[in-house]
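Here's a quick tour of a protein model, from the overall picture down to a couple of local spots. Have a look at the structure first, then read on.

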Amino acid sequence: MARKWAVFFRQVESLLKRGVRFILLGMLGVTLALAIPALEIAQSQEVAPTISPQVTLQQLMESGRELYQRGHYVEAAEVLGQAADIYAVEGSRLNQSLALSYLSLAYQKLGEWKEAQRVSDASLQLAGIGETRGDRIARAVALNSQGHLLLSFVNAESAFERWQNAAAEYQQLNDNQGKVGALVNQAQALEQMGYYRRSCNTLLQAVGAETLSCDEIVTDEDINSLQEHFVAETNLQLKAIALRSLGNVLRAIGKLDRSHQILQQTLAIVDKIDSQSDKSLTFFALANTEQALAKQKQEYGETDNAKDSRNQAVNFYKKAIAIAPSPTIKLLAQLNLFSLLRQAETNVRELESLLAVIQSQMSEMTLNKSLVEARIKLACSLMQCEKLVQGETTELTLVSIEEIDGLLQQAVTEAKKLEDARLISYAIGTQGKRYESFLPPQAQKQGETASRQKAKTLTQEALELAVQNNAPELRYQWQWQMGRLLAGEGNLEAAIGNYTAAVETLDSLRNDLLAVNADVQFSFRDNVEPMYRQLVELLLPPKETKASQIDLQKALYLIDSLQVAELENYLQCNLQNQSFPNQASTLNLAQSSEFLKNRIANVMSEDSQAALIYPIILKNHLAVIVKLPKQESLLYSSTIVSSNTVVNTINKLRQETLVKPTFSELNDREGLVEIYQWLIAPFEDKLESENITTLAFVLDGALRSLPMSSLHDDSSFLVNKYAVALVPSIQLLKTENSTPKNIKALAAGLSAKREDLRFYNSIDGAVEEIKALNQIFSDPKPTLLLENEFTKQKFQQQLEFNSYNLVHLATHARFSSNLDNTIILTSSVEPMRLNELEVALASPERNRTNPLWLFVLSACETAEGDNRAVLGIAGLSVKSGAQSTLATLWLADDRPTEAFMLKFYEVLLNEDVTKAEALRRAQQYLLENPSSIAPNSWAPFVLVGDWR
């Protein structure tokens, strides 16, 4: 090869003509396949020699670029290195800088980090600090190249700085395309730092849509508006790369439908570009979004839709693989496809065939970081790591344990060759996971002990590397893994210590980022919930006598934080500012538990007759923690019952008992009595002796879909004994609460049937309900918006320009696990979503001087069988800024609803009682009517938030 190029160089007669232009090709990014834009770089007048028309250095550089684009990084590096040497001999400083910048990119792909760093530093030094156009061009390219190197070193902050400087150079050059490329690169760095919304907004800036924000990309109109901003961009490849990056980031922040739309538009653009790389990357991005949609729909219970999205993902992965010019892109798509098919329990022969292709592909690739990560990802897919960390068992069906060991050992060896400490930690920690989960064939007790010890040794080694190299994203995983291992051998004290360390690491990781940015979210079900629940299980053993007060307080904090995390995950936002103050982010678990203890004491000091109840659904038992207002100690009870039994009992009640228009004390109360025995019966004597009148529940999981007031003690409903309220989290509950002196209300009603939304029937009594309420309120009278007057625009204008402290809506509202399907109906064509409600109520002055005291929805419902749908009611309370929200778990009949509401307001406005007590009396009012005794008519009404 060297001899061949030596002959080539001898044919070179002189240097490049004035005005020669080079192109920095688009390449695969580190995270989420974000591509680096194609940047057209103009050379300076400093380099102006002539060469033979047959053979030029420009052709040499183009040859190196083409080799790079095709994934032949070794050959590309050789060609670009030769070009840099010739430029050095000729004294062409800026051209040498450009060649070295491209050479650094090739070295990065090869994993030759020291060489990549050396030539990158040389390139930037050669570019100098001159002010000529040529200096700026060379400097911009060098900064871009070094940014990618720093991002590979997981130094996103420095990478971002380099790309900011590159953007400044392009700004001086009036090079808009270069500036857009630098912005796209900045977005990639922001994403790696966890700043997804900043990344998204930077991409909007790149496509010329600075007036929009990512939170505003909700409807089809928003997507069309975005397209209008970018219509002037004539460089189709740059447009495609920017939009593809935007689609990837929208997926990362949970806007899956919008991500899909943007990526479909990107696909239409790349169809006009003769670039297999762009097409492959776009197919890959679409496949990733479809896979995320499939998982989301499966969690929502939309099985058929999930299957459709999964099939679409498979098709897009296959298209990406078929045309991928880069081995790295092809391998990433193959691995994601394999993981998807493995999770879907696809035909074994298809998996075996794809596995063989992947193994062959990896054997032909040059050693680099992507290859090592691919080996680890493949091993995890084969072991199904996502199930292992959640405590599930799996079986190896495609390969032997020896093959897994060989794959991971090769990854460790190669990571050490690359001298990448984080990668070594990742590989060794995954080895530990293998020994944790898979015993040697036919292992006896001695073999099991040896395997566990091997797992602990590897996990400890991985943990030490993660600590030494400041990698908290790995550290918490290995602390968690060590906790599982120690718990498995019965060393509970040490296990709890490691679990605690893992929780504190994860919290600090989130809080460190949240301290400067509100955009960091973890995959809730994968990264937060299993770890928290496993630790709570260790702290709360089935036998209540073993639970210490310290452990109970820690468990209380963990489960309360779990509710915050789940609500954050649902709302796709950070609620940190609304919970603990900033200094709480630096506390350890014991200190945070004490902090919550004080918060609870402050809240309960204003109501000495309210008890706080935390039911916690664990794998093999149901734990209940109770805090009474006048007692320092927490009460604890545990019932041996599996989580599946709890969920099945609740679902049966929702489907067979609570929705029926009739109720038989003899036949229908069994399930309600059973849950009463789990949650209330162990504490009956204490509740009575302390004169408790209100029960405030922080409900867990499926329990949220069950109205607590309908529980039965074998003689009467719970509502006959206690007022009941639901609290999303004590951390989110304001400690102060005062009833406003003057109630200024906005009431709106819509009875008309919406033909375009077929599942919404008419609410015949909606307008009558609002008119009747109008008679109850004294001066000032409520502002009314009825039927066609109740539009989104008029409703939002009323909220924006008036300080209402009570809002009552008699209209359809649907709460769902899917935030996009959580809507409030108005007479406008598009339903109102929670983010629009938040914007309308976002005035800081209004919230400070006259906060929304109560938000009432009298005709809403939660999706049947959707246990997370009730999060929508809590989300409404959070988004609206309301201290309390009164809503319904299912759609009650018009007449009982109107009677209930009239009684509720009559008590609330005229008697000195809490909102929870007003709710109880209104429900009892319905119960006094024999035709309304069924929970179907009175039980769906729930008060969420502050009960006082």
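The protein exposes about 37,600 Å² of surface, and carbon and sulfur atoms supply 46% of that. Keep in mind that this is a predicted model. Here are some whole-protein values to have at hand:

| Feature | Value |
|---|---|
| Helices in the protein | 37 helices |
| Strands in the protein | 17 strands |
| Buried share of the 948 residues | 60% |
| Contacts between residues at least 6 apart in sequence that join residues at least 24 apart | 70% |

Now for a closer look at one strand. Strand E7 covers residues 723-726, and both of its faces are covered. Ala723 and Ala725 sit on one side, Val724 and Leu726 sit on the other, and all of them are buried.

What does E7 pair with? Strand E6, residues 694-697, runs alongside in the parallel sense, and the two pair over 4 bridges. If you'd like to find the pairing on screen, go to Ala696, whose bridge partner in E7 is Ala725.

Next, a loop residue. Ser828 is found between strand E12 (823-824) and strand E13 (832-833). Is Ser828 buried or exposed? Its relative accessible area is 17%, so Ser828 counts as buried, the cut-off being under 20%. The Ser828 side chain also has a polar atom 2.9 Å from the backbone nitrogen of Lys792.

Notes. Residues are numbered from 1 along each chain as its sequence is written. This is a predicted model: local features need pLDDT of at least 70, side-chain atom pairs count only at pLDDT 80 or more; totals for chains, interfaces and linings use all residues. Side-chain values use heavy atoms; hydrogens and water are left out. Buried means under 20% relative accessible area, exposed over 50%, partly exposed in between (1.4 Å probe, protein chains only). A polar contact is a pair of N or O atoms within 3.5 Å; within protein, one must be able to donate a hydrogen and the other to accept it, and residues adjacent in sequence count only if both atoms are side-chain atoms. Contact means heavy atoms within 4.5 Å. Accessible areas come from the Shrake-Rupley method with a 1.4 Å probe; for residues, only the protein chains shown count as cover. Two strands pair if DSSP finds at least two bridges between them.
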